[in-house]
Amino acid sequence: MEAPAAPQDPAETRLTITSPEQMRELGRTLAKLLRAGDLVMLSGELGAGKTTLTRGLGEGLGVRGAVTSPTFVIARVHPSLGDGPPLVHVDAYRLGGGLDEMEDLDLDVSLPESVIVVEWGEGKVEELTEDRLQVVIHRAVGDTTDEVRHVTLSGLGERWAEAGLESLTA
């Protein structure tokens with residue numbers, strides 16, 4: 001009798017980022033791995049660099065419009081300037097419920113043809129897909145001017161098993 005298959009470990013990469021420009025460059029580089037249908041969940045303290053990373057993603061994907069924090073509008077769609085997927089940037093910080101509360105955003109409809117990036121999405125958007133990239137950004141908290149960020153990228157699901165996250169450390 002065969003032992004049951006162990007759950008697949010997520011593909012994981014850890015990076016140390018020392019400046020906002022490096023965070024933006026990480027976004028530009030990560031964008032090369034992204035494709036329509038990808039869900040990217042960003043988490044980290046206020047000021048950790050989630051929007052800076054997303055700005056780099058937008059640059060790398062070649063989308064229209066300045067990528068800024070969508071805190072007050074909840075979501076922004078940035079159409080592609082070329083033949084790539086649009087970027088849907090969501091800030092779920094002010095949303096208390098799960099996917100039900102986010103239904104009005106139609107993320108499930110947008111996902112197949114877009115790259116969706118959700119800040120503060122834990123416990124709110126995981127039901128959209130089993131395949132997702134979770135990016136956790138840690139920074140020193142308190143009264144500090146320390147620009148160092150520790151970034152952990154965890155690819156969950158079949159999509160990310162062979163996606164090449166390890167190339168981000170090169």
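Two strands count as paired if DSSP finds at least two bridges between them. Keep that in hand for the sheet. The model on screen is predicted.

**Stop 1: the whole chain**

Show everything as cartoon. The chain holds 5 helices and 7 strands. Read from the N terminus, its elements run β-α-β-α-β-β-α-α-β-β-β-α. Of its 170 residues, 46% count as buried. Take the contacts between residues at least 6 apart in sequence: 65% of them join residues at least 24 apart.

Now colour by pLDDT. The chain average is 84, and 82% of the residues score at least 70. Select residues 1-8. Here pLDDT stays under 50. Beyond four places in sequence, the model gives this stretch 1 contact. Hide residues 1-8 if they get in the way of the view.

**Stop 2: the sheet**

Select the strands. All 7 strands form an open sheet, ordered E1-E7-E6-E2-E5-E4-E3, with mixed pairing. The edges are strand E1 (11-17) and strand E3 (75-78), each of which pairs on one side only. From one strand to the next, the twist averages 15°.

**Stop 3**

Select E1 and strand E7 (residues 149-156). The two pair in the antiparallel sense over 7 bridges. Look for isoleucine 17, which stands opposite arginine 149 in E7. Glutamate 12 stands opposite serine 154 in E7.

Strands E6 and E7 run antiparallel and are joined by 8 bridges.

How many of the 8 residues of E7 are buried? The count is 7, so E7 is largely enclosed by the rest of the structure.

Stay with glutamate 12 and show side chains. Glutamate 12 forms a salt bridge with arginine 14, with the closest N and O atoms 3.0 Å apart. Glutamate 12 is partly exposed, at 41% relative accessible area. Arginine 14 is exposed, at 59%; the cut-off for exposed is over 50%.

**Stop 3: helix H1 on the sheet**

Select helix H1 (residues 20-31). H1 packs on the sheet and touches E1, strand E6 (132-139) and E7. The direction of H1 makes about 150° with that of E1.

**Stop 4: helix H2**

Select helix H2 (residues 50-61). H2 also packs on the sheet, touching strand E2 (39-44), strand E4 (87-91), strand E5 (115-119) and E6. Its direction makes about 170° with that of E5.

Check the length of H2. Its 12 residues reach 16 Å from first C-alpha to last, close to the 16 Å expected at 1.5 Å a residue.

Is H2 largely enclosed or left open? Of the 12 residues of H2, 9 are buried, so the helix is largely enclosed by the rest of the structure. Select the buried ones: Lys50, Thr51, Thr52, Leu53, Thr54, Gly56, Leu57, Gly58 and Leu61. Their cover includes H1, E2, E4, E5 and E6.

Step just past the end of H2. There, glycine 62 takes a positive phi of about 70°.

**Stop 6**

Side chains of opposite charge can pair when their charged atoms come close. In this model the count comes to 6 salt bridges.

Select arginine 24 and glutamate 59. They form a salt bridge, the closest N and O atoms being 2.3 Å apart. This pair links distant parts of the chain: arginine 24 lies in helix H1 and glutamate 59 in helix H2, 35 residues apart. Arginine 24 is partly exposed, with a relative accessible area of 26%. Glutamate 59 counts as partly exposed as well, at 34%.

Glutamate 59 forms a salt bridge with arginine 28, where the closest N and O atoms are 2.5 Å apart. Again distant parts of the chain are linked: glutamate 59 in helix H2 and arginine 28 in helix H1 are 31 residues apart.

An α-helix has 3.6 residues a turn, so residues three or four places apart point the same way. Finish by selecting Glu21, Arg24, Glu25, Arg28 and Glu59 together. These residues are linked in a network of salt bridges.

Note on methods:
Residues numbered from 1 in each chain as written. Predicted model: local features only at pLDDT ≥ 70, side-chain atom pairs only at ≥ 80, totals over all residues. Heavy atoms only, no water. Helix = DSSP H or I, 4+ residues; strand = E, 2+ residues; numbered from the N terminus. Axes fitted to C-alpha atoms, helices over the stretch in contact; angles between N-to-C directions. Contact = heavy atoms within 4.5 Å. Expected span 1.5 Å × (residues − 1). Buried < 20%, exposed > 50% of the residue type's maximum accessible area, 1.4 Å probe, protein only. Salt bridge = Lys/Arg side-chain N within 4 Å of Asp/Glu carboxyl O. pLDDT = per-residue confidence, 0-100.
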